[in-house]
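Morning, everyone. Please look at the model on the screen, and I will walk you through it.

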Amino acid sequence: MFDRLSSLVTALTLVAIAAIFAALADGDPLAIAMMAVAGFAAALTVYSALPHAHSDTRAAELAPAEMRTPSFLRHPDFARWVDQEKDPLLGVADNIVAIANDAAIRLLGRHIVGADIRTAIRHPVAAEWLSRIDGDAPLETINLVDYPRPGQRWTMRIAALSNGERIVFLSDRSAIDAADRMRSDFVANASHELRTPLAAILGYVETLQDMNGDDDGATRHRFLSIIEREARRMQQLVIDLLSISRVEADRFRRPTTEVDLAAIVRHTITQLQDSETARPKDIVMALGTEKLPMHGDEAQLGQLVHNIISNAMKYGHPGTPVTVELLREGARVRLSVSDEGDGIAPDHIPRLTERFYRVDEARSRSVGGTGLGLAIVKHISERHQGQLDIESEVGKGTKVSVTFPLAAVA
């Protein structure tokens with residue numbers, strides 16, 4: 001195909017040849033001149049009409065770029081939105097990570113930008129799914145189990161864009177899974193704790209029903225005592241379950257009523273000393289005389305004090321002091337209860353506030369423990385912006401402390 005220059009040269013050549021033949025044929029000079037002018041004009045017309053080779057090439061190079069949809073990942077508003085997202089987010093173009101927010105870099109490392117998405121997210125399920133996905137594939141939520149560490153779970157979702165670009169969303173589901181497990185464990189443990197005394201009650205009731213006459217009066221009395229003990233244990237368990245449920249329901253509502261923590265502690269100790277609780281005379285008070293005002297729920301704070309002191313009395317050695325101390329520390333007040341018991345091994349301490357967790361299950365049940373006392377203490381202290389601390393040394397005893405903020409003095 002001719003370009004413009006070739007067409008012009010060819011046209012002029014033909015005009016010249018025609019003029020020469022016309023002259024040789026003794027043609028009219030005026031006719032020859034008019035024919036030459038017409039031929040030249042025709043050549044110019046042909047030259048201007050033909051496309052320019054360089055312009056055509058340039059247009060061919062620019063056409064795809066102009067027709068291509070602009071990249072959404074490179075838009076400044078997209079980069080601004082990515083930086084505001086708290087969950088890890090990746091922008092991927094042709095399977096290459098083009099952009100990653102701070103959360104994604106913290107999770108996967110800074111090296112992921114510019115890397116293949118299938119190697120950036122190092123999980124077999126993610127790699128397999130990303131390698132076979134195309135623009136028409138249904139976009140589903142992918143579970144990444146034990147990612148990035150054992151025991152954790154993340155989910156991956158992908159939004160497909162044009163030009164082979166995608167947005168990858170990662171969400172941490174570990175906390176939700178942990179909450180689900182805690183809920184399941186709570187139901188299972190509560191069922192077990194209720195079933196054990198209930199089975200004992202039913203068993204002894206059936207035995208009593210089979211007994212005839214009054215010859216087994218001592219046995220009957222012993223069986224009835226066991227039934228009463230197990231029934232009270234069930235009653236206390238139900239009370240604690242209701243208590244922890246109420247505390248959890250109120251945990252996001254900060255108390256606004258001003259109360260005197262020192263008065264609450266004194267009243268609770270008086271109740272314990274007047275009750276049939278073992279070792280009432282072992283309680284030693286170091287409370288001072290000043291008032292300690294704070295914003296709190298009087299009933300819940302009383303329950304917190306009762307649980308801590310009761311635990312110390314149950315697990316401390318008989319005849320040793322259970323020391324209850326109140327100490328002002330600047331704008332806060334510390335409530336401490338110390339016993340001189342067997343102590344607790346360090347590996348058990350972080351789990352003491354878990355529901356139904358017991359260091360020694362047999363001993364806990366024998367002294368009437370439900371496994372919920374410190375869990376209730378933890379929730380009440382959190383609602384009152386308190387900080388719970390447990391110190392223990394095997395063979396020497398345990399000290400449980402809770403610090404609360406004092407009410408500002410007007």
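The protein exposes about 24,300 Å², and carbon and sulfur atoms supply 56% of that area (Shrake-Rupley method, 1.4 Å probe). This is a predicted model: local features need pLDDT of at least 70, side-chain atom pairs count only at pLDDT 80 or more, and totals for chains, interfaces and linings use all residues. Residues are numbered from 1 along each chain as its sequence is written, and side-chain values use heavy atoms, with hydrogens and water left out.

Now the overall picture. The protein has 13 helices and 12 strands. These are DSSP runs: helices are H or I with at least four residues, strands are E with at least two, numbered from the N terminus. Of the 410 residues, 36% count as buried, meaning under 20% relative accessible area.

Next, a helix pair. Helix H8 covers residues 174-210, and helix H9 covers residues 217-249. They pack at an angle of about 160°, with axes 9 Å apart. That makes H8 roughly antiparallel to H9, a label for angles over 145 degrees. The residues of their contact (heavy atoms within 4.5 Å) divide into 19 nonpolar, 2 polar and 4 charged. Here Ala, Val, Leu, Ile, Met, Phe, Trp, Tyr, Cys and Pro count as nonpolar, Asp, Glu, Lys and Arg as charged, and the others, Gly among them, as polar.

Valine 247 sits in helix H9. Is valine 247 buried or exposed? It is buried, with a relative accessible area of 2%. Leaving out residues up to four places away in sequence, valine 247 touches Gln300, His379 and Ile380. The C-alpha atoms of valine 247 and lysine 378 are separated by 9.9 Å, and the two residues lie 131 residues apart along the chain.

Conventions. Axes are lines fitted to C-alpha atoms, for helices over the stretch in contact, and angles run from 0 to 180 degrees between N-to-C directions. Angles under 35 degrees count as roughly parallel, over 145 as roughly antiparallel, 65 to 115 as roughly perpendicular and the rest as oblique. Buried means under 20% relative accessible area, exposed over 50%, partly exposed in between (1.4 Å probe, protein chains only).
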